[in-house]
Amino acid sequence: MSRFPSSQSTSAMAEEPTKVGSAGGGDREGEDEQVVNPWEVTAKDGGKIDYDKLIEKFGCQRLDESFVRRVERLTGRPAHVFLRRGVFFAHRDFNEILDVYERGEKFFLYTGRGPSSEALHLGHLVPFMFTKYLQDAFKVPLVIQLTDDEKCMWKNLTVEESKRLARENAKDIIACGFDITRTFIFSDFSYVGGAFYENMVKVAKCVTFNKVVGIFGFTNEDHIGKISFPPVQDPYFRMTRDVAPRIGYQKPALIESSFFPALQGETGKMSASDPNSAIYVTDSSKDIKNKVNRYAFSGGQDSIENHRKYGANLEVDIPVKYLGFFLEDDAELDHIKKEYGAGRMLTGEIKKRLVEVLSELVERHRKARALVTDEVVDAFMAVRPLPLMFS
Amino acid sequence: MGYTKDELLARLKELQIDFVCYDHPAVLTVEAQAKYVGHLGGALSKNLLLKDKKHRYYVVSALANTNIDLKVLSQRLGLGKGGLRMAAEEALQEILQVPLGCVTPLALINESARDVSLLLDQGFKSQESCYFHPLTNEVTLSISANSLDKFLVSIGRQPSYVDLEANPAVGKDNPPDLASLVPSGIPTLPDKVENAVTSIPTGNDGLTVEKPTKLAGEAKSPAALQKEKLQKVQSSIDPLAEATNIEKLVKEIMNKTSTAFLNEITKDLNDSQIAPSISDVVKRRVSSDLEHMMMSLKNAAYTQGFQAGFQATLRSSLQSLSMQK
């Protein structure tokens with residue numbers, strides 16, 4: 001049973017016509033089938049998640065190779081690894097965004113984070129890494145919302161602590177490489193008011209209590225803060241898409257990413273309470289080596305003879321999956337999959353390569369993060385003109 | 001890459017065109033140029049690079065004392081009253097590939113100027129020799145109008161001589177007389193697209209994809225093409241945007257470095273095959289890290305500026321406030 005990466009909440013505001021958000025989706029489902037709802041995802045009896053069914057059920061469209069090639073053509077650069085390898089597998093109306101872009105019209109990006117804990121792990125970074133790619137490739141502005149108020153309500157944190165966490169998380173987000181000349185970050189506690197609040201009210205007027213209960217399953221015991229602030233993305237975004245035309249705006253488009261697996265594999269739970277379930281951005285190279293070697297679920301056979309004979313099971317092997325996310329070189333990944341799947345490469349070797357890749361990534365992040373001071377955060381969060389945001 | 005003066009002169013020689021060159025310090029204006037060559041008897045030219053609202057470009061080359069009225073010209077071209085304006089400096093570099101103050105009909109030898117229209121002052125025809133810059137501000141080329149025509153024909157152009165001072169009425173019964181000189185294409189700016197050949201492997205979910213070939217070769221819809229070029233033109237207008245374009249900077253740095261390395265290595269190895277592929281690998285590995293570092297730099301520099309600006313505003317506000325008391 002693998003959980004979502006941290007539930008990134010975004011409030012359903014369409015301030016400007018078109019938005020693209022990053023989401024991981026969910027809804028209630030029958031118990032004997034695969035379960036996908038805002039709080040958990042399970043495959044049917046320990047098998048694989050059936051993405052095609054997900055796509056069909058939620059009415060998304062598949063991100064196929066013709067789509068990827070269209071993106072490459074329009075942006076004039078190779079598509080991001082996540083697109084090329086099907087990490088991001090479905091979308092809603094993203095083709096419309098590409099049409100908009102092709103016509104020379106403008107769109108902007110919108111994503112967010114619910115700052116509930118200080119430590120971010122790689123699963124948290126994935127959507128931000130992709131959003132950065134979108135910003136660079138399409139040269140569009142980005143708005144990042146930090147829902148410190150929401151975490152204050154849902155996780156029972158104090159206001160001060162929520163605000164502090166928001167700023168700390170902002171540093172990690174900025175370290176992903178967002179461009180200050182076209183990025184605006186805000187925290188709800190600091191920013192809600194004015195035009196933003198007007199939009200909130202407009203949207204709220206379009207959503208009935210019954211609907212909210214239906215989507216999120218509130219009970220009489222839940223405090224009222226929760227009702228005006230549902231916690232999870234995809235239902236929220238679908239709500240936005242429903243409401244937006246009613247208040248005169250175009251529907252935002254979405255991209256769905258596949259679930260980032262815990263180190264222990266599909267049967268493991270990635271959670272903040274178990275530090276060994278994920279690689280954190282604060283992990284040292286030693287930590288990474290240790291975690292990967294000891295906890296990364298291997299699809300290799302139990303003995304070397306068997307392994308040479310049957311090869312590794314790439315479906316469940318976590319190192320191969322992680323490399324799929326973070327190893328840039330397509331040719332090398334191909335080669336590894338072939339050799340490992342045929343049994344010529346051993347688990348130890350692939351884990352070693354993964355440790356290298358992850359260490360490089362974490363080290364680069366750490367260096368970049370060290371250069372994000374409080375002043376840099378202040379500048380990103382200042383309400384200021386962004387004259388070059390589309391250039 | 002744009003032609004150099006020497007390449008241009010070599011071409012003129014090939015065409016057996018007579019010309020004379022005068023060297024002088026770099027000049028940016030006709031007045032300055034006149035100081036050095038004005039007494040020699042030839043006709044100085046003034047040259048403008050103009051642009052219309054649909055991003056089409058025109059070189060207007062005239063005798064120094066011909067009056068050029070852009071509004072009239074605009075109407076005669078069928079662009080309406082205010083349809084023409086001076087092109088931005090960056091367009092000189094990107095389309096004509098000449099420095100500032102160096103607009104010249106000879107720049108049309110460059111591929112990038114393929115779609116630029118040329119309007120020549122008919123006054124040139126009665127001059128024995130005319131003065132133009134041969135792609136550099138430090139030289140004046142003296143050439144007859146006939147020779148200029150020969151050159152233009154050799155690069156596939158029909159020379160168009162126009163009475164630039166004429167002001168015919170343009171209206172329902174009098175169509176714009178210069179409408180045929182409006183270009184049909186839009187200038188192509190230097191290809192900034194990275195030519196990457198990536199192979200997309202067969203993923204677990206069974207998607208099979210062929211290798212995409214060079215991105216530049218893919219067929220694009222006219223709308224996409226136009227929009228792309230528009231984008232590139234627009235983004236080249238703000239120098240600060242150019243200076244903070246990290247992707248571009250990293251590419252330039254990597255290219256310079258790898259070229260330098262390649263030169264050194266091929267000198268030693270005597271084998272020009274190995275080195276380029278090594279340099280590609282090196283470029284790929286270093287570029288990504290370099291881009292991240294540059295982004296940190298950009299954000300930090302912006303923050304420092306922001307702080308300084310904020311403090312400065314605060315101080316002046318406090319000062320004016322205390323003075324009011």
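Let me start with chain A, which has 18 helices and nine strands, where helices (H or I, at least four residues) and strands (E, at least two) are DSSP runs, numbered from the N terminus. This is a predicted model, in which local features need pLDDT of at least 70, side-chain atom pairs count only at pLDDT 80 or more, and totals for chains, interfaces and linings use all residues. Residues are numbered from 1 along each chain as its sequence is written, chains are lettered from A and ligands numbered from 1 in the order in which they are written, and side-chain values use heavy atoms, with hydrogens and water left out.

On confidence, pLDDT being the predictor's confidence in each residue, from 0 to 100, chain A averages 79, and 77% of its residues score at least 70. Over residues 1-42 of chain A, however, pLDDT stays under 50, and for that stretch the model has 159 contacts beyond four places in sequence, a contact meaning heavy atoms within 4.5 Å.

For chain A as a whole, 57% of the 391 residues count as buried; buried means under 20% relative accessible area, exposed over 50%, and partly exposed in between, with a 1.4 Å probe and protein chains only. Among the contacts in chain A with a separation of 6 or more, 75% come from residues 24 or more positions apart.

Turning to a helix pair, the axes of helix H7 (residues 159-175) and helix H18 (residues 374-381), both of chain A, come within 10 Å and cross at roughly 85 degrees. Axes here are lines fitted to C-alpha atoms, for helices over the stretch in contact, and angles run from 0 to 180 degrees between N-to-C directions. H7(A) and H18(A) are therefore roughly perpendicular to each other, given that angles under 35 degrees count as roughly parallel, over 145 as roughly antiparallel, 65 to 115 as roughly perpendicular and the rest as oblique. On the H7(A) side the contact is made by A:Arg167, A:Ala170, A:Lys171 and A:Ile174, and on the H18(A) side by A:Asp374, A:Val376, A:Val377, A:Asp378 and A:Phe380. By class, that contact has five nonpolar, no polar and four charged residues, with Ala, Val, Leu, Ile, Met, Phe, Trp, Tyr, Cys and Pro counted as nonpolar, Asp, Glu, Lys and Arg as charged, and the others, Gly among them, as polar.

Next, strand S5 (residues 88-92) of chain A has five of its five residues buried, so it is largely enclosed by the rest of the structure. Strand S4 (residues 61-62) of chain A pairs with S5(A) in the antiparallel sense over two bridges, pairing requiring that DSSP finds at least two bridges between the strands, and A:Arg62 has A:Ala90 in S5(A) as its bridge partner.

What does A:Phe82 touch, not counting residues up to four places away in sequence? This residue, placed in helix H3 (residues 81-84) of chain A, touches A:Val87, A:Phe88, A:Val126, A:Met129, A:Phe130 and A:Phe325, and at 0% relative accessibility A:Phe82 counts as buried.

In chain B, B:Cys21 is found in strand S1 (residues 20-23) and is partly exposed, with a relative accessible area of 28%.
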